[in-house]
Amino acid sequence: MDEMYPRINQLANEQVYTFMKENEISPLSYHFSDFFDECLDRYKIKLMEHHFSNQQIEGLTLIDDYGISFSYERDNPEVKQNFTKCHELGHFLLGHPGSLFTELKGGSDSKHETEANIFSAIILMPAIVLLSKIFYRHDSFQTVMKDLSVSAEALKFRLLDIFRFYTDEKYDSIVRVISAYQKGIINGVLKLFDKIKEKVIVKYETIKIDVTKMILRKVKKTGFVTSLEFEELLEWKLCKSIIQQNSDLDAWIEYDKGKRISYLWNKKKISKREAKFKARNLLLMKF
């Protein structure tokens, strides 16, 4: 494969695998919409439909003084709309230069359009997700399509890219295996995944996450988090660092019979007394 795929694969994996780990989303429950919606929220991206009589424009990205907006063809099938959404997100997250991107029907051979297509396929169908669903759970081709909200064509091309990237198998051989899998014959695709599973898992496991972000996300959501969920909170230096940088939070440690629990709470949501009560109950139940 050319040099483009490995580079985009690495960039996309960093984005989506970090998201999965920080939000504790398992490969078997992943769906692109969670990642996509968080990106819309984080970067304040507007999403809308458009329609042109000849449906020649699949997607548009506009970046100007008013912000960032994506649009997609209203009358396209949902699976095509999904691919277009992730394609437009690809232009933005990959940092492509320019303020206007147009995805035309029939595609384009331009470098940036090709990169956005690769990015979209990876976000829709991460390798670790396909490995989990197909190799470990033996999901059918049709089940994977439905679960991930993608077209048959998109899934076939994604599997082709994965096997070409991770193996030395001949192109025609890979195509036959994928075609057989689509018809319900899974043995061939299982053998290919068996050859590459360690490489796919290593790619996933090498993505490291910022535990502090996970702790802050949890305490923002629930108002309370403990070392039973994040052992790192037993390090008092980390607790002090977090509360010094977040004035709404406070931290403490409870001890009982040689056991301890460290906890953070949002002072605007939970009183010190309530936090202490919750922590002591958890400590008693745990030990």
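## A charge over a ring

Let's start with a lysine: K21 lies over the face of Y204, 4.6 Å from the ring centre. That label needs NZ of Lys or CZ of Arg within 6 Å of the ring centre and within 35 degrees of the ring normal. K278 does this too, over the face of F224, at 4.9 Å from the ring centre.

## What you're looking at

This is a predicted model, where local features need pLDDT of at least 70 and side-chain atom pairs pLDDT 80 or more, while totals for chains, interfaces and linings use all residues. Numbering runs from 1 along each chain as its sequence is written, and side-chain values use heavy atoms, leaving out hydrogens and water.

## Rings that pair up

The structure has 11 aromatic pairs. Rings of Phe, Tyr and Trp (its six-membered ring) pair if their centres lie within 6.5 Å; planes under 30 degrees apart are stacked, over 60 edge-to-face, and the rest tilted. Y5 and F165 have ring centres 5.2 Å apart and planes at 55°, so this pair is tilted. Y5 sits in helix α1 (residues 4-22) and F165 in helix α7 (residues 152-166), so the pair ties together parts 160 residues apart in sequence. Helices here are DSSP runs (H or I, at least four residues), numbered from the N terminus.

Now for Y17 and Y204: their ring centres are 5.0 Å apart and their planes at 85°, so they're edge-to-face. Y17 is in helix α1 and Y204 in helix α9 (residues 187-205), so parts 187 residues apart in sequence get tied together. Both Y17 and Y204 are buried (under 20% relative accessible area, with a 1.4 Å probe and protein chains only).

Terms used:
Helices (H or I, at least four residues) and strands (E, at least two) are DSSP runs, numbered from the N terminus. Buried means under 20% relative accessible area, exposed over 50%, partly exposed in between (1.4 Å probe, protein chains only).
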